[in-house]
Amino acid sequence: MPIDIETFESAPDDRLQHDGETNADRVMEFLASSPDKAFTQSEIREATGVKAGSISVVLSRLEDRGLVRHRGTYWALGEADDVAAYTSFTESTRTANDRFGAEEMDEWVARR
């Protein structure tokens, strides 16, 4: 979501952090909401708000990981085991971040 330039220039850095939801998260959440259906790339793009120039890359990467399936012009949620592993990892990360706070890359680099 864009912010106005005044906020960009005057807000503290912690206010300017991204919400953490990725395009892949949006696509997976949408497909998981209807696991018994397949959708065209355009339908997924419209439902998720992923930009037209990004949606094919996102879907291809998710397909490479086995998280979505593709036949013809349709895309669907991947096989249950692969999706369950992804969901488990994602939920574990969210839970840890909620409990302990998100990791700061600068802190990791400084510890090297």
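This is a predicted model: local features need pLDDT of at least 70, side-chain atom pairs count only at pLDDT 80 or more; totals for chains, interfaces and linings use all residues.
Residues are numbered from 1 along each chain as its sequence is written, and side-chain values use heavy atoms, without hydrogens or water. Local features need pLDDT of at least 70 and side-chain atom pairs count only at pLDDT 80 or more, while totals for chains, interfaces and linings use all residues.

**View A. The aromatic pair Phe30 and Phe39.** The count of aromatic pairs is one. The rings of Phe30 and Phe39 lie 4.6 Å apart, centre to centre, with 55 degrees between their planes, and the pair is tilted. (Rings of Phe, Tyr and Trp, the last by its six-membered ring, pair if their centres lie within 6.5 Å; planes under 30 degrees apart are stacked, over 60 edge-to-face, the rest tilted.) Phe30 is buried at 17% relative accessibility, and Phe39 is buried at 12%. (Buried means under 20% relative accessible area, exposed over 50%, partly exposed in between, with a 1.4 Å probe and protein chains only.)

**View B. The salt bridge between Arg69 and Glu79.** The N to O distance is 3.8 Å. (A salt bridge is a side-chain nitrogen of Lys or Arg within 4 Å of a carboxyl oxygen of Asp or Glu.) Arg69 is partly exposed at 40% relative accessibility, as is Glu79 at 46%.

**View C. The crossing of helices H3 and H4.** The axes of H3 (residues 41–48) and H4 (residues 52–64) come within 10 Å and cross at roughly 115 degrees. (Helices are DSSP runs of H or I, at least four residues, numbered from the N terminus; axes are lines fitted to C-alpha atoms over the stretch in contact, with angles from 0 to 180 degrees between N-to-C directions.) Gln41, Ile44 and Arg45 of H3 make the contact with Ala52, Ile55, Ser56 and Leu59 of H4. (Contact means heavy atoms within 4.5 Å.)

Technical notes
Helices (H or I, at least four residues) and strands (E, at least two) are DSSP runs, numbered from the N terminus.
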